[in-house]
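Open the structure in your viewer and keep the selection tool at hand. At each stop, select what is named, then look around it.

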Amino acid sequence: MSWRVVVRPALAICALGLALLVPSCATTGAAGEGDRNLPTTGVGPFRKLAVDEVPGIAPFVLDDRTALYREPAVLAPEGGGDGALLYAVGRREGADVIIRTRSDDGRSFFGTSGDFGKTPPVVLAATLPWEGSSLSGPFVLRVNAEVLLFYAAEGGIGLARSTDGGLVFRKEPAPVLTRDPASPWESTEVRAPSVYLLPDGRLRMLYASGAAIGEAESADGARFQRVDPDPSTPAVEPVLQPAPPAEPGSLLPNERGPFDTARVDDPCAVTRVTPAGRFHVRVLYTGIDATGASAIGFAARYGDAGPLVRNAAPVYSVGAREAAPALLEVPGGSYLYVQQNRRIDERLTYTAIAAAFAPGTVKLPTPLPFPDSP
Amino acid sequence: MARAATHLGPAVAAALTALVVLLEPGAARANPPDTYGFASRETAMGNAASADSRGFAAGYYNPANLVLSKGLEIGVGYFRADHHFTMNGRDNGVDPVKGLNGGIVAPGRLFGIPFAFGLVVHLPDDRISRVRALRQEQPRWELYDNRNQRLYLAANLAIQPFPWLQIGGGLSFMSSTRGSLDISGSANVLQPDDSQLRHEVDADLTAIRYPQAGARVALSERIAVAAVYRGEFQLGLDLGAHLAGDISGLTTARYDLQTHSVNNFLPQQVVLGGSWLLTRDVRASFDATWINWSAYVAPVAQLDVLLDIPPPAGGWPATITPPQTPAPTRIAPLRMHDRFVPHVGAEWRALGTRKLDGFVRAGYEWAKSPIEAQTGLTNYVDRDRHTFSVGLGVTARGLARELPAAVSLDVHAAISELLDDTTRKTSAADFVGDYTARGRIVNLGLVLTVAFDGWGGKKEEQP
């Protein structure tokens, strides 16, 4: 009996000591985390899609050397999901029209060059006198039960409405916004519309003209009135202008100056309410510098009034004349669709639609098969 | 004399061991005890322990207290601190800090003066050390994500020139890292498997020592006060890479990269504290720690890059876009403020018999975040922290004839709440944008201590 009394506590102490030591035997750990679910505004910076993330030639998701797809606009499928409805400008019979295609994963689009024998259908072509012969700059927005398709043409910006989910559109007879000849900065016809909803249901449009981007407002989409970002001055200024060049001597070695000193174009506006409760207007745009090189930039503002402020760094820059951004937010990140040059060889380069993703650390799964219908 | 000689043996041996350790620049060492406490008794008492730490834990809290040990003490324990940190309500996956805590105290007498040597270690069980270089824009829990993923080691000596005065000091150790990577050879961009590349990695860990010192004064049999100083250190990370060779016979390439960053910075600290034996069985303690956070150096790498890839004869192929030399980083300053961190703790001896003592402990500390609101480019995330802790302890004497010692087992549980707050960005075009952040740390641990003398002989009350 006595050995039980004497030995058991000592054994227990030894066992406890051993138990304390055992968990500390491992000396190599995993790389560790701490960078999961980090906050982001969802607008990049983006990385172009990799070879194993698209069904064709990365990073292109919609290309055809005769249709020359460009100026994408994207819409999430009704009811959510990972897919995407993509509208873009394409060349058909010598004229630029607006086509529609679809993907179940945001990457495998119906009718791209790898989807043999399929062609995205035309949803809108120039038919009205004010439109001239070609359309450009599509932008799609779902408002209640309608899909609104804004587009640019020779005589301004027009609107077409769809009640069947974006397959068949009915045009407004007149443009919803035209150039203001009195405006000192609207030196070209208005183009590249992008429309967002204010919290009270009003529509706001960003559009390009000359070298800058302006803003207009409408209650129903039928007619837009310009919005002045600085009411203290008599003129209606743009909400975003080209950046001034860098001050001499202000750049570090190898540091590049602003990427958008010559022109800002192709706004793509998306809104959200930040975790701090602020209404946040986020705008991706094409920035062009004095050499003609382009990159995709990000500008934004809090609230519904005032000029946009830009981020000095581009969100996507690959040196391939990238332009006309479109943003699709999905669970876990954001897709960026842009037009950019696809260079085959010294003699053949054509425009196609490429895709990128943010956050750049996320690896996308293998793409799904092409859908059977657009 | 016989008693003194008996104690001098292990003390001298331990001191010699420490000398070997001091001269051996080894793995990286650091200070997770600053964040999570060290040893269960003191952690349970809110880390208010500068005048009241016991045994090997004194090697961190106040080296002077080592000499209060009456005999050889060996302690070993384990703790795990899990982080539940979220931004915008989503968990960021900050790694736990966990590992072995332990140490030894070897007291003795030298020329008639009581002295003691102590060695303490925190040995993480995932990694000895972790190096991370993040972009300054990337949100990170600056004070919790990477700084505490390190080994901590300190060696101290203490003396007691008068019965009312204890003085101690020692060194803690870190190592800075220098490394280089050389790659040379031929890269075949068309058939990568045919590439012939040689690489050479050369890494060097250089020891950095920083001091700590403390004093404890017994004002009466029941009251003691203490002061502790812990030095500052900067853990440097210098990495270089050199790539040279030819690319598919088309051209040559040369890439030189040098990067320097301070991967870990420990600000100097001053602790003032006191301990008061309120009744025979109840003790209260208080610490105020001043932390020189304003000297903090942000862990952002400074890059110096040289890239030279001349175009091949006939120009670049259509499908290749030559890379360009990246620009250096404009480092945004990280502004931090010095802080006073108060700690309070209490210990109640709830059970006291000839062979057994039982303790109940509790503590609290409040650490206001030293980091300025991150309204600009950087995102060094932190929040004000309240820590509540509790613990239990039991000390048994005379357990077995073969074990002539007192054995103590202490456990602790601490919960830290990092208060919810919203970071609002000044620029609407910030890539990160507004975010809310909050956190919780659950810290559990236990320590087993064996005291071969002193505690086992008779119960002594420390003032």
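A salt bridge is a side-chain nitrogen of Lys or Arg within 4 Å of a carboxyl oxygen of Asp or Glu. Keep that cut-off in mind for the first stop. Remember too that this is a predicted model.

**Stop 1: a salt bridge inside chain B**

Select B:Asp52 and B:Arg283. Their closest N and O atoms are 3.6 Å apart, and the two residues form a salt bridge. B:Asp52 sits in the loop between α3 (40–44) and α4 (58–61) of chain B, while B:Arg283 belongs to strand β13 (residues 282–291) of chain B, so the pair ties together parts 231 residues apart in sequence. Are these two residues buried or exposed? Both B:Asp52 and B:Arg283 are buried.

Now pick B:Asp357 and B:Arg397. They form a salt bridge too, with the closest N and O atoms 3.4 Å apart. B:Asp357 is in strand β16 of chain B and B:Arg397 in strand β18 (residues 385–397) of chain B, so this pair ties together parts 40 residues apart in sequence. B:Asp357 and B:Arg397 are both buried.

**Stop 2: a bridge across two chains**

Select B:Arg330 and A:Glu255. Their side chains meet in a salt bridge, at 2.7 Å from N to O. B:Arg330 lies in the loop between β14 (302–308) and β15 (339–352) of chain B, and A:Glu255 lies in the loop between β14 and β15 (263–273) of chain A, so the pair joins two chains. B:Arg330 is partly exposed, with a relative accessible area of 43%. A:Glu255 counts as partly exposed as well, at 22%.

How many salt bridges are there over all chains? A search of the whole structure finds 40. In chain A, some are linked in a network: select A:Asp200, A:Arg202, A:Arg204, A:Glu215, A:Glu217, A:Arg301 and A:Asp304 to see it. Side chains of opposite charge can pair when their charged atoms come close.

**Stop 3: chain A as a whole**

Of its 374 residues, 50% count as buried.

**Stop 4: a covered strand**

Colour strand β17 (residues 294–302) of chain A. Nine of its nine residues are buried. On one side are A:Ser294, A:Ile296, A:Phe298, A:Ala300 and A:Tyr302; on the other are A:Ala295, A:Gly297, A:Ala299 and A:Arg301.

Which strands pair with β17(A)? Strand β16 (residues 279–288) of chain A is joined to β17(A) by nine bridges, and the two run antiparallel. Find A:Thr286 opposite A:Ile296. The hairpin of β16(A) and β17(A) has five residues between the strands, and A:Gly292 takes a positive phi near 95° there.

Strand β18 (residues 309–310) of chain A is also antiparallel to β17(A), with two bridges between them. Here A:Ala300 stands opposite A:Val309. Six residues separate β17(A) and β18(A) in their hairpin, and A:Gly303 in the turn has a positive phi of about 90°.

Move along to A:Pro314, in the loop between β18 and β19 (323–330) of chain A. A:Pro314 is partly exposed, at 29% relative accessible area. Among the residues it touches are A:Ala295, A:Ile296 and A:Gly297.

**Stop 5: a four-strand sheet**

Next, show the open sheet with the order β11-β12-β13-β14 (chain A), paired antiparallel. Its edge strands are β11 (191–197) and β14 (225–226) of chain A, each pairing on one side only. Five bridges join β11(A) to strand β12 (residues 203–209) of chain A. A:Arg191 stands opposite A:Ala208.

Select A:Ser209, also in strand β12 of chain A. At 0% relative accessibility, A:Ser209 counts as buried. Its contacts include A:Trp185, A:Glu186 and A:Arg191.

**Stop 6: cores and a patch**

Which residues touch the most other members of the largest nonpolar core? They are A:Phe46, A:Met205 and A:Leu284, in a core of 41 residues. Strand β21 (residues 349–358) of chain A gives the largest share, five residues. A second, separate core of 29 residues includes B:Val94, B:Ala367, B:Val381 and B:Ala437.

Finish on the surface. B:Trp348, B:Val360, B:Leu392 and B:Val411 form a nonpolar patch there, with about 340 Å² of accessible area together. B:Val360 is in strand β16 (residues 356–367) of chain B, and counts as partly exposed at 34% relative accessibility.

Conventions: Residues are numbered from 1 along each chain as its sequence is written. Chains are lettered from A and ligands numbered from 1 in the order in which they are written. This is a predicted model: local features need pLDDT of at least 70, side-chain atom pairs count only at pLDDT 80 or more; totals for chains, interfaces and linings use all residues. Side-chain values use heavy atoms; hydrogens and water are left out. Patches are made of residues with over 30% relative accessible area and no salt bridge: like charges are joined within 9 Å, nonpolar side chains (Val, Leu, Ile, Met, Phe, Trp, Tyr) within 5 Å. Accessible areas come from the Shrake-Rupley method with a 1.4 Å probe; for residues, only the protein chains shown count as cover. Buried means under 20% relative accessible area, exposed over 50%, partly exposed in between (1.4 Å probe, protein chains only). Two strands pair if DSSP finds at least two bridges between them. A nonpolar core is a set of buried Ala, Val, Leu, Ile, Met, Phe, Trp, Tyr and Cys residues joined through side-chain atoms within 4.5 Å. Contact means heavy atoms within 4.5 Å. Lists of a residue's contacts leave out its neighbours within four places in sequence.
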